[in-house]
Amino acid sequence: MGEGRERRGNGSAEKQLFSQFVALRKWLQQRGFSSKLLVPAHFSDTGRGLMTLQPIKADDLVISLPEKCLLTTSTVLRSYIGEYIERWKPPVSPLLALCAFLISERHFGQRAEWKPYIDVLPQRYTCPAYFSDEVINLLPGSLSGKALEQRAVVQELHSSSLDFFSSLQPLFSQPVESVFTHDALRWAWCSVNTRTVYMEHLHSPYMSRERNVYALAPYLDLLNHCPAIQVKASFSHVSRCYEIRSVQGCKRFQQAFICYGPHDNQRLLLEYGFVAPGNPHSVVYVDQVILQQCICITDINQLAQKLLFLKKNDFLANLTLSLDGPSWRLMTTLRLLSLKTEQYPFWKSVLLGAVVSQDREEWSVDAALRLCHYLMVDNTKALDKISQLTERADTSLKEQLAVVEWLRREEQGILGLNQEMLQSLQKQLLPSRQNSMHNLL
């Protein structure tokens with residue numbers, strides 16, 4: 001699911017993809033899927049998606065996918081892998097069970113029951129799990145750490161599952177080491193992480209205690225994300241189908257969208273591998289490292305004390321700049337950092353929105369402007385590096401660089417707006433300063 005999951009450019013690839021979707025629809029129809037409202041199409045802005053053949057009204061059913069069409073851990077336990085999972089101790093996680101099944105089905109090719117679905121899954125993803133150190137270093141600092149964590153999670157899952165994979169050897173004619181490779185697991189992990197819908201399942205004694213909320217939904221997972229769209233999505237225990245209903249409706253021959261939630265672009269890139277242009281939920285994060293580099297406090301001990309106070313009171317997390325300007329948390333943090341020693345008793349007033357003094361307010365606005373400038377310079381350097389790397393990149397690297405470039409450009413736009421707002425505020429404060437000086441004279 002999601003924008004720009006995989007964009008295929010040449011005509012032969014498009015024809016092959018079309019024939020694969022025809023095969024998928026026939027396969028789903030054999031399992032009870034009957035909807036003819038949506039058809040696959042290629043869109044210039046999002047790549048492949050689903051187009052409406054009829055107008056969709058508010059509260060209309062957009063798609064209804066029968067339970068038999070959903071790939072869940074129940075599907076896996078009923079399959080040829082089921083008996084191996086049931087025997088394995090300690091129990092595998094729901095995520096690993098789904099990954100192992102996807103890898104196996106892809107390996108079996110023509111013999112695989114789920115071949116029509118496997119065929120339309122992307123061959124690779126633009127999630128950070130696929131990124132090299134070089135690409136991760138181009139991400140904003142707040143995101144690069146999470147990207148490294150994601151890559152490490154996949155690596156750890158692979159290394160910790162080798163014994164389980166070995167137990168599946170009787171199913172394969174070639175060594176399992178060549179089937180369940182790190183690359184294969186990464187592909188399966190990203191398939192599950194980016195394409196599953198939320199669906200709660202009863203706990204199975206053959207699965208670990210981790211929450212089992214995954215369901216791969218063929219065809220339905222072609223619906224792209226749009227932050228402005230509202231839908232109702234859930235599994236109906238009456239119809240035994242996973243259903244999506246429109247809240248706003250959709251015109252005929254337009255792309256049908258769903259919304260994954262009010263996620264900013266960093267979250268979308270991390271979890272789904274794409275960026276939503278013009279995302280109203282998007283923000284630029286300010287971490288402690290950037291904060292310390294941009295504030296003017298020469299007394300190291302005083303700075304350390306202030307940062308310790310802010311950390312204890314949970315003020316150093318979620319500091320952001322958005323389309324609406326600097327967040328309340330960011331400006332409050334800057335105002336607290338601006339306080340002189342004799343002004344410390346007024347910190348509670350700052351939390352309530354009070355301005356302690358004119359010069360401290362100016363200090364805070366100046367600090368916010370320095371943060372904007374620092375982040376804009378960082379974005380410019382990253383974009384220059386992306387441009388250089390793109391010239392000699394292969395197709396896979398170009399796809400990764402493109403999504404990072406989108407993120408950086410979106411954030412650069414937010415920073416530009418914030419700079420204008422803060423400069424305007426700075427000018428508003430200037431007359432007050434001049435009036436104060438005039439009164440002193």
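## Terms and basis of the model

A residue is called buried when its relative accessible area is under 20%, exposed when it is over 50%, and partly exposed in between, as found with a 1.4 Å probe on protein chains only. This report uses that scale for several charged residues.

The structure is a predicted model, in which local features need pLDDT of at least 70 and side-chain atom pairs count only at pLDDT 80 or more, while totals for chains, interfaces and linings use all residues. Residues are numbered from 1 along each chain as its sequence is written, and side-chain values use heavy atoms, with hydrogens and water left out.

## A pair of strands

Helices (H or I, at least four residues) and strands (E, at least two) are DSSP runs that are numbered from the N terminus. Two strands are said to pair if DSSP finds at least two bridges between them.

Strand 7 covers residues 231–236 and strand 8 covers residues 241–246; the two pair in the antiparallel sense over 6 bridges. Within this pairing, V231 is placed opposite S246 of strand 8. The hairpin formed by strand 7 and strand 8 has 4 residues between the strands, and R240 adopts a positive phi near 60 degrees there.

## Salt bridges within helices

A salt bridge is defined here as a side-chain nitrogen of Lys or Arg within 4 Å of a carboxyl oxygen of Asp or Glu. Under this rule the model contains 15 salt bridges.

One of them joins R87 to E83, with the closest N and O atoms 3.3 Å apart. These two residues belong to helix 3 (residues 82–87), and because they are 4 residues apart, about one helical turn separates them. R87 is exposed, at 53% relative accessibility, whereas E83 is partly exposed, at 44%.

Another salt bridge connects the side chains of R186 and D183, at 2.7 Å from N to O. Both residues lie in helix 9 (residues 182–195), where they are 3 residues apart, about one turn of the helix. R186 has a relative accessible area of 17% and is therefore buried; D183, at 39%, is partly exposed.

D359 counts as partly exposed, because its relative accessibility is 30%, while R360 counts as buried, at 14%.
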